Amino acid sequence: ILGKQSQILWQEELDNAIAQKRKPSLLKVLVKILGWDFLLIGIAVGCENFVAQPCKALFLGGLIGHYAKKDSSGFPSYLYSLGIIVSTLFCCLIVQPYLMASYHMGLKMRVVCSSLIYNKILKLSPSSIRKSTPGYIINLLSGDINAFERVGGLLHMLWIGPLQAILFLYLAWTKIGVSSTFGIGFMVMFIPVYGKPNLQ
């Protein structure tokens with residue numbers, strides 16, 4: 001079913017590309033098929049990273065601050081502890097379904113691309129097939145497409161990472177002050193180091 005749907009959408013994209021005199025976009029086909037799945041996964045990941053984890057950090061900070069006082073007894077310590085437990089439980093309830101859904105979406109992406117490649121191979125002329133070695137095609141179907149299984153969960157980190165860094169920098173700024181910028185600044189300094197090997 002997914003293969004047939006991808007073929008129909010790809011043919012529509014080819015027709016639109018020819019009419020608009022542009023290159024066909026595989027991304028548009030993937031968005032039409034998996035857009036809602038990707039959006040729902042993004043909402044789940046956003047809830048975990050922007051609600052549960054910051055709340056857990058705030059509750060933990062409040063609990064430590066409460067016990068740092070001379071009078072550490074009382075009801076607030078129970079509230080902070082309950083908040084830590086609830087936020088941790090919320091993270092656990094979100095992470096596993098999110099990972100499962102991300103892996104499932106990655107498998108769907110793999111099926112879509114494999115189906116399109118397979119149908120393209122069937123339509124190639126004998127002269128075109130001679131230009132591509134069988135090893136290249138096998139490697140494309142078995143090796144390169146496997147990356148889609150991992151990309152489902154990692155794509156959201158492109159927007160979650162910077163926003164989460166800003167959020168935690170703000171929270172640290174309110175508690176520590178200027179000293180909080182040194183930790184973030186130290187991590188930002190290493191971005192070119194991590195990015196340079198990937199560009200080569």
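Biologist: Does Ser87 count as buried or exposed?
Modeller: Ser87 counts as buried, because its relative accessibility is 6%. The term buried applies under 20% relative accessible area, exposed applies over 50%, and partly exposed covers the range in between, using a 1.4 Å probe and protein chains only.

Biologist: Before I go on, what sort of model is this?
Modeller: It is a predicted model, in which local features need pLDDT of at least 70 and side-chain atom pairs count only at pLDDT 80 or more, whereas totals for chains, interfaces and linings use all residues. Residues are numbered from 1 along each chain as its sequence is written, and side-chain values use heavy atoms, with hydrogens and water left out.

Biologist: Back to the serine, then. In which helix does Ser87 lie?
Modeller: Ser87 belongs to helix α3, which covers residues 75-123. Helices here are DSSP runs of H or I with at least four residues, strands are runs of E with at least two, and both are numbered from the N terminus.

Biologist: And what does Ser87 touch?
Modeller: Not counting residues up to four places away in sequence, Ser87 touches Ala52, Lys56 and Phe59. Contact here means heavy atoms within 4.5 Å.

Biologist: How many helices and strands does the protein chain have?
Modeller: The protein chain has nine helices and zero strands. Of its 200 residues, 23% count as buried.

Biologist: Among contacts between residues at least 6 apart in sequence, what share joins residues at least 24 apart?
Modeller: For the protein chain, that share is 70%.

Biologist: Let us turn to α1 and α2. At what angle do they pack?
Modeller: Helix α1 (residues 2-20) and helix α2 (residues 26-68) pack at about 135°, and their axes are 10 Å apart. Axes are lines fitted to C-alpha atoms, for helices over the stretch in contact, and angles run from 0 to 180 degrees between N-to-C directions. That angle makes α1 oblique to α2. Angles under 35 degrees count as roughly parallel, over 145 as roughly antiparallel, 65 to 115 as roughly perpendicular, and the rest as oblique.

Biologist: Which residues make the contact?
Modeller: From α1 come Leu2, Gln5, Ser6, Leu9, Trp10 and Glu13, and from α2 come Leu26, Lys28, Val29, Lys32 and Ile33. By class, this contact of α1 with α2 has six nonpolar, two polar and three charged residues. Ala, Val, Leu, Ile, Met, Phe, Trp, Tyr, Cys and Pro count as nonpolar, Asp, Glu, Lys and Arg as charged, and the others, Gly among them, as polar.

Biologist: Where is the place of Arg22?
Modeller: Arg22 is in the loop between α1 and α2. At 27% relative accessibility, Arg22 counts as partly exposed. Its side chain makes a polar contact of 2.7 Å with the side chain of Glu13. A polar contact is a pair of N or O atoms within 3.5 Å; within protein, one must be able to donate a hydrogen and the other to accept it, and residues adjacent in sequence count only if both atoms are side-chain atoms. Leaving aside neighbours within four places in sequence, Arg22 is in contact with Glu13, Asn16, Ala17 and Lys28.

Biologist: What is the phi of Lys21?
Modeller: Lys21 has a positive phi of about 55°, although it is not a glycine. Lys21 lies in the loop between α1 and α2 and is exposed, with a relative accessible area of 78%.

Biologist: Now Asn49: buried or exposed?
Modeller: Asn49 is buried, with a relative accessible area of 7%, and is found in helix α2. The Asn49 side chain reaches the backbone oxygen of Val45 at 2.8 Å. With neighbours within four places in sequence left aside, Asn49 is in contact with Pro54, Ile160 and Gln164.

Biologist: How many residues apart in sequence are Gly153 and Val45?
Modeller: Gly153 and Val45 are 108 residues apart in sequence and 9.1 Å apart in space, C-alpha to C-alpha. Gly153 is found in helix α6 (residues 148-154) and is buried, at a relative accessible area of 13%.

Biologist: Last topic. At what angle do α7 and α8 cross?
Modeller: Helix α7 (residues 157-175) and helix α8 (residues 180-189) cross at roughly 155°, and their axes come within 8 Å. The two helices are therefore roughly antiparallel to each other. Their contact is made by Ala165, Leu169, Ala172 and Trp173 of α7 with Ser180, Thr181 and Ile184 of α8. By class, that contact has five nonpolar, two polar and no charged residues.
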